[in-house]
Amino acid sequence: MPEGLQQGAQQILANGVPISWYLILSAVLFTLGVAGFLFRRSIITVFMCIELMLNAVNLSFVAFSNMHRQVGGHIFTFFVMVVAAAEAAVGLAIILTVFKNRGTLNIDEVSSLKN
Amino acid sequence: MQNLWIIPALPFLGFLINGIFGRTLSKALVSAIAVASVVLSFGWVLKVFFTAGDLGANPISEHYFTWIRSGVFEVGWDFAVDKLTMIMLMIVTGIGSLIHIYATGYMAHEGGYYRFFAYLNLFMFFMLMLVLAANYLLLFVGWEGVGLCSYLLIGFYFLKKSATTAGNKAFIVNRVGDFGFSLAMFLIAVNFGSLSFDKVLQAAPGKPAGTLTTIALLLLVGACGKSAQIPLYVWLPDAMEGPTPVSALIHAATMVTAGVYMCTRSAPIFTHAPIAMETVAVIGLATAVFAATIGLTQYDIKKVFAYSTVSQLGYMFLGVGVGAFSAGIWHLMTHAFFKALLFLGAGSVIHACHGEQDMRHMGGLKKYAPHTCWTLAVASLAISGFPLTSGFFSKDAILGAAYTHAPWMFWVGVVTAGMTAFYVWRAFWMTFWGEYKGHGHPHESPMSMLGPLMVLAVLSAVGGWLFNVPKILENMFPVQEVEGEMTLTMISVAFGLGGIALSYYMYVVNRELPAKITSSLGWLYTLVYNKYFVDEVYDATIVSPTVTGSRVFLWQAADQGVIDGLVNGVGREARGIGGWLRRLQSGNIRSYATWVVVGAVGLLILMSLAYGMQGGGAR
C-alpha cells in the first residue's frame, strides 16, 4: 500500500470518514445528474438524472446531519424521498402519456410549450 | 319672510319637469308647464311687490344657507330685493311670461319643442338668480348660467353648422369677459374681505381710487362681454341664429342687459373711479355709433335689430358712464319693451314669410299681417324716440345727462338716435310697404303670438311715463337737473323724426335712391356692409393664431409628440424587450435546464464571492 493511502485508512479507522469525502461524492453525483439532464435525449434518462440529483443532495444532508449530530438533515432527507416518490409517480404517468400520444421519448421533439 | 326663493324655483321646477319628462309629454302639456311656471313666478314677484311695503327704505334680504366659509370670508346663498332688483324682476318675469306665451305659437311646428322650453325655463331660473343675488359670487352663478342657456339656445338648431358655430362664438367671447369679472371678484374679495353687495358697496368710498378703478375696469370687461360692447360685441349679431323668441328674450330684453344691471349695482365702486366711468361712457358711446352704422346697411331683418340692440346697449352704458344710472336702467326697461316687441314682430314677419329673413324678399306685408304691422310701428316709434313713447323718455334722460357731462357726447348720441330711427324705419318700410316679393302666400300669425305683441305694444307706447324709473330709484341715485332740457329734447326729437322722414323718402317715395347712394359711396359702403371686417380682423389676429398655435404646438407637438410619444414609446420599448426575451422561451426543455443551471452556478459564484468578502474565517 502506498504511504498516503495507508495514512488515510488509519485516519478513517480512527476518526471515521471525513465530511469532505461525502461532499465530494455528493458533488460528483450531482454533476453527473446535471450533465445527464442536460445532454441526454431520452426522457426516461433525464428523469433518472433528476432522481440522481435529488439523492446527491440527500447524501450531503445526511452527511451534515451526522457531522453536527443533529436530526434535521435526516428529516429533510425523508421529505425529499417522499416528494421524489410522488414526483416519480406523476412523472412516470406523464412520460407514459407522452409516449402514448406522440410515440416518441425524444425530449427535443416534445416542445409544445413554445407557443 | 317673503320666500323669495320661490321666484327662481318655479322656472327651475318647470325646467326639471320638461327636461326630464318632456319627451313623453304632449306639446300642450309642455307649453302649459313652461308658461305656467314663469307666469306664477311673475305672480309671486307681484305678490312680493304689493306686500313688501316701501322697498326703498326697507329692502328685503333673505339668507338661506352659508355656501362657502373660509376664515372670516363668507359667501352665503342670499337673495335681496330693493327697488332696482324689483324693476329687474318685473322686467324679467313679465317680459319672460309674454315671450313664453309667444313661443308656444312660434315654436308650434318645430322639433325639440320640450327641449326648447326646458332651456328657456332654465334661462329664467338663472336670470332670476342673477337679479336676486345679494353677493357677487351668486350673481356670477346666474351670470354663467344665462351664458350657458344662451349657448344652448343659439345652437338650438344644432343640425345647422352656422348655428352651432354661433353658439360657440357666443360662449367663447363671453369667456374673455368672464375672465375680467372673475379677476374683479378676486380683487374685491382681497380688498374688502367680502363679496356681499352690502359690505362691499358700503366700504367702497373709503378705498384708494387706484384699487377701485382697477376693479371697475375689470367689471367693465365682464359687462362688455355679456352686454356686447366694443370690443366683445361680435357674438351678439351671430346669436341671431337662435329661434326668434330666444333673440327677443335673451339677446335683447334680459340677458344682454345684465352687464348694465351689474354696473348699476356696483354704482358706488364706479362713482369713485372717475377714469373707469369715463371709459364706460366712451365705450358705450362708441358702441352705439359703431353698431348703428352697421345697422344702416344690413338686409337680414334680425341682423338689423341685433345691431340695434348692440347700439341701444351702448346708450345704456353711456347713461351709466355719465353717472345717470337710473336713466340707464330706465332705458334698459323701455328697451326691453320695444326691442322684445321688435324681435317678436320680426319673428311674426318671418313666420308670415315662411322662414324668410332677408328684407329684400319681403314687402307689402301691411295687407297680410295688419296686427304685426301696427305693433311693429309702435315699437319703431318708441325706439326712434317719438314724443311720449317709452323710448323718448329714457333716451332723453340719457342724452340730457350726457350733455351735462360733456356736450360732444350728446351730439354723437343724437346723431346715433337719428341713425337708429332711420334703420328701424328702413326695416319697417321694406317689410310692410310696397309689393310682396317673397314666395308663397304670407299669412298673419296666430293669436298666441299676436297677444304678447299687443301687450308689448301698449307697454312700448306708455311704459315710459307709466314707470318713471329715475323717480322710483330716487333714493338710490339722485336725479340730476339738466339745463336747457327742453332744447335738448327738441334737438333729439328732430333727429329722430328726421331719420324717419329720410327713410320714408328713400324706401317709399324714391326707391331708386338707396342703390345710387350705395354705388356712389363705393368702398365706404362695402366697409360698413361687411361690418367693418371686424370678424375678419379678429379671425386673422386672434382666432387663426390661436387655432394654428393649438394645432401645431399643442396638438401636434405637445400632445402627439410629447404625450403620445411618451405613452407609445413606453409601449414600444416594452414590446421590444419582450421580443428579445421571447427567444429564451424556445420550448426546448434542455435549454430551460441550461438556464437553470447557469443561474444556479451564477448564484453560487455570487454567494461564495460575498462570503469571501465578509472575510473567510467568519466561523
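Reply: In chain B of this predicted model, helix H5 (residues 136-154) packs against helix H6 (residues 161-192) at an angle of about 170°, and their axes are 8 Å apart. Axes are lines fitted to C-alpha atoms, for helices over the stretch in contact, and angles run from 0 to 180 degrees between N-to-C directions. Helices (H or I, at least four residues) and strands (E, at least two) are DSSP runs, numbered from the N terminus. H5(B) and H6(B) are therefore roughly antiparallel to each other (an angle over 145 degrees).

On the H5(B) side, the contact (C-beta atoms, placed from the backbone, within 7 Å) is made by residues including B:Tyr136, B:Phe140, B:Gly147 and B:Ile154. H6(B) contributes, among others, B:Ala163, B:Gly167, B:Phe171, B:Asp178 and B:Ile188. By class, this contact has 12 nonpolar, 4 polar and 2 charged residues; Ala, Val, Leu, Ile, Met, Phe, Trp, Tyr, Cys and Pro count as nonpolar, Asp, Glu, Lys and Arg as charged, and the others, Gly among them, as polar.

The secondary structure of chain B comprises 26 helices and 2 strands. Of the 619 residues in chain B, 50% are buried (20 or more other C-beta atoms within 10 Å of the residue's own, C-beta atoms being placed from the backbone). The C-alpha atoms of chain B fill a box of roughly 120 × 60 × 50 Å along the principal axes.

Residues are numbered from 1 along each chain as its sequence is written, and chains are lettered from A and ligands numbered from 1 in the order in which they are written. In this predicted model, local features need pLDDT of at least 70 and side-chain atom pairs count only at pLDDT 80 or more, whereas totals for chains, interfaces and linings use all residues.

Terms used. Angles under 35 degrees count as roughly parallel, over 145 as roughly antiparallel, 65 to 115 as roughly perpendicular and the rest as oblique. Two residues are in contact if their C-beta atoms, placed from the backbone, lie within 7 Å. A residue is buried if 20 or more other C-beta atoms lie within 10 Å of its own, exposed if 12 or fewer, and partly exposed in between; C-beta atoms are placed from the backbone.
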